[in-house]
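Please open the model in a viewer and keep the sequence at hand.

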Protein chains: 4
Amino acid sequence: MRKRPRQRRARESVEAILEATRQLLTEGPIESFSTDAIAERAGVSVGTLYQYFEDKADLVREVGERHVREVGALLASVAAPDASDGSLRRYAVALLEATAEGHARDRGLHATILGLGLTSSLRRTLERSEARARESLARVAEAQGAADPAMAAGLAYDLIERFAHKRLAEPGDTVPESVVERYADELARLLAGET
Amino acid sequence: MRKRPRQRRARESVEAILEATRQLLTEGPIESFSTDAIAERAGVSVGTLYQYFEDKADLVREVGERHVREVGALLASVAAPDASDGSLRRYAVALLEATAEGHARDRGLHATILGLGLTSSLRRTLERSEARARESLARVAEAQGAADPAMAAGLAYDLIERFAHKRLAEPGDTVPESVVERYADELARLLAGET
Amino acid sequence: MRKRPRQRRARESVEAILEATRQLLTEGPIESFSTDAIAERAGVSVGTLYQYFEDKADLVREVGERHVREVGALLASVAAPDASDGSLRRYAVALLEATAEGHARDRGLHATILGLGLTSSLRRTLERSEARARESLARVAEAQGAADPAMAAGLAYDLIERFAHKRLAEPGDTVPESVVERYADELARLLAGET
Amino acid sequence: MRKRPRQRRARESVEAILEATRQLLTEGPIESFSTDAIAERAGVSVGTLYQYFEDKADLVREVGERHVREVGALLASVAAPDASDGSLRRYAVALLEATAEGHARDRGLHATILGLGLTSSLRRTLERSEARARESLARVAEAQGAADPAMAAGLAYDLIERFAHKRLAEPGDTVPESVVERYADELARLLAGET
DNA sequence: TATGAATGAGGCTTCATTCAT
DNA sequence: TATGAATGAAGCCTCATTCAT
């Protein structure tokens, strides 16, 4: 960001701009994602946009980082299971749902950011976020007595991500209940450290 | 496509255009992906390009469909395993490698196509291709005596896709051997119908 | 220049663009010197302009170089005097007039180019042109028997340039005849190698 | 200027703004010469700038006039020579140096002012300053017994100006000593009224 | 008076597409 | 059929200027 907003009015503008960007990125085809459109949706002038962001890519990066942080926070907010068997299955379902929700909130962001070229800054944020998620999963796997907690966590993370993207691709963001069950089973099995 | 090429020279032009499109989509940032760049790379003039393709989206769609068909063909070309246990593991590894190769060949296509908006025509092609792949996996699972072959095949397919995307995201398109092993194990287990 | 024009139509466009640029640079204040204005004056679209010139600076450079070459040619076209005394004075007057005419034709170009920043390419062209002019003057001074022909030529050149700029600053591009006389006297004296 | 500053702090702001303008004009390419840049350099806000200056052109004009007055003062501060021969040569060198220094101090001002269009007010200031300088030179020429003091002074003034611009065009603002000598010789000769 | 947030016209440039040759 | 010149809408961004606080 080019300038930090000092006054309240300025902070509101920045928020409006970021939210407008998120919306347009989520909704529309990439063609309608122009700085003019962002400014109009945010209810400010283009000039204001450029007071706070270096350029369009800077703006997208900021929105992308927020998204990554939010998904990370959602995942982290799922309470880890006890060693007792019953809660592991619930944990697995909660992980799947939380991640899928997070992705759904910014549907399209992914594709657009890829299209605009992933900046190294955003890539780092993403990697940090993934690493945290994997560690957290590994701790669970370890508590459950898995032989290779890190490897199990890696696979589990991949499964969760794939589930989220799969749900996004479905009309209505819904996946048959049986598929959720199956994913949850796999997840629980992985984290429990079964072969 | 607007017009079918009749003469040999014309067919060669069309091939060159499609190949140039594929290359630019695979190599570069979206910015250098212009009709001028395509024509130059293909060694023809822009005018020629518009003789055979309605517009840019039409061209991208065609390339996209080819890509989907190619990945499908690659998957299909992996010989199904015998019921004998040894070949299942080799089959799993081959599936992973084949899909990852297919995706790598057209790296960037994904993002661009998403960015330009997935056309319904391409979406159908994609769905048909996925369905065929799942059926083929289901037949294998059935032969191996899995309890719910369709469900196992679905999960297996997702695992394969995730692996391909994972490899694309790594620098150098390489993934530690241990990860391949782990994925192959899971895949083999799923197709073998173990819980 | 970005692309060399092949067809006749293209060459005409390029000429029109260069001439429009020269006119606007000569006439107006720098504010009205926009790419849109250039294109309109040239009777082409902006797009055409960018087919042949990298950017606005490239265009200005090209016009600048033409100007420098033209002034140089004007100077060179003044026939050198015999050693016989009478023609030296006529030569001096001709030099003054020729240079002043050349500058007048592109009045304002100077200031604008300075304002946009003298590119190194243009600077070199300018230096080469000046060097040629000084050499030519030095040969005359030598023929007239000057003690230090190079130094005399340097001062003579400066006098000529100053005269051209002086005339440009006057309303109506005219300078009292007596001033021309005085400059010519000085010039003749310098080239004749008197003290 | 829009408003006279009353308080001391206000006067300081105005000075800072004028000095910042002068610096930016002297240093940089025209692009970085924006009101924002001026305000930042001056350590005030843009708003303050517009309290004291009608618009940007007004500010530039004020700086331009100061510059013209300063160069004039520099010239005037060179003590006129006695009729005794020795000091005339020193006087000539001093004139050359003083003017060149004055121009160097505001290098770039020239181009910018020309680019923005010489306002009539500034033009008048400039003419008055030149007239004063010529008169002063004419008095010297007269004291030295020149036949046509006004004409000699005119040429002398032009020589001095050309020298200043010549030095500005050189890298490092330096000119070979021999050139200074030659200019000084000419100047002395002119003012001494030799043919 | 000073601040700095906001404005928006306008400048530069790109690129998908058309069409005369 | 192929060429490539021409088009112009539209995108990104800057910056002089205004005005609420």
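How many residues does the contact take from chain C and from chain D? Select both chains of this predicted model: 25 residues come from chain C and 25 residues from chain D. Between chain C and chain D, about 2200 Å² is buried, and carbon and sulfur atoms give 57% of that area.

Next, display the charged pairs across this interface. Six salt bridges are found between chain C and chain D. One of the pairs to centre on is Lys166(C) with Asp158(D), a salt bridge whose closest N and O atoms are 2.7 Å apart. Eight residue pairs are in polar contact between chain C and chain D, both residues being at pLDDT 80 or more.

Now colour the side of chain C that touches chain D. The elements giving two or more residues to this side are α6 (109-116), α7 (120-143), α8 (149-169) and α9 (177-192) of chain C. α8(C) gives the most, with nine residues. By class, this side of chain C has twelve nonpolar, three polar and ten charged residues.

Then move to DNA strand E.

- Arg9(A): a backbone N or O atom lies 3.2 Å from a phosphate oxygen.
- Thr48(A): a side-chain N or O atom is 3.0 Å from a phosphate oxygen.
- Tyr52(D): a side-chain N or O atom is 3.2 Å from a phosphate oxygen.

Conventions
Residues are numbered from 1 along each chain as its sequence is written. Chains are lettered from A and ligands numbered from 1 in the order in which they are written. This is a predicted model: local features need pLDDT of at least 70, side-chain atom pairs count only at pLDDT 80 or more; totals for chains, interfaces and linings use all residues. Side-chain values use heavy atoms; hydrogens and water are left out. A polar contact is a pair of N or O atoms within 3.5 Å; within protein, one must be able to donate a hydrogen and the other to accept it, and residues adjacent in sequence count only if both atoms are side-chain atoms. Contact means heavy atoms within 4.5 Å. Buried area is the accessible area (1.4 Å probe) that two parts lose on being put together, summed over both. A salt bridge is a side-chain nitrogen of Lys or Arg within 4 Å of a carboxyl oxygen of Asp or Glu. Helices (H or I, at least four residues) and strands (E, at least two) are DSSP runs, numbered from the N terminus. Ala, Val, Leu, Ile, Met, Phe, Trp, Tyr, Cys and Pro count as nonpolar, Asp, Glu, Lys and Arg as charged, and the others, Gly among them, as polar.
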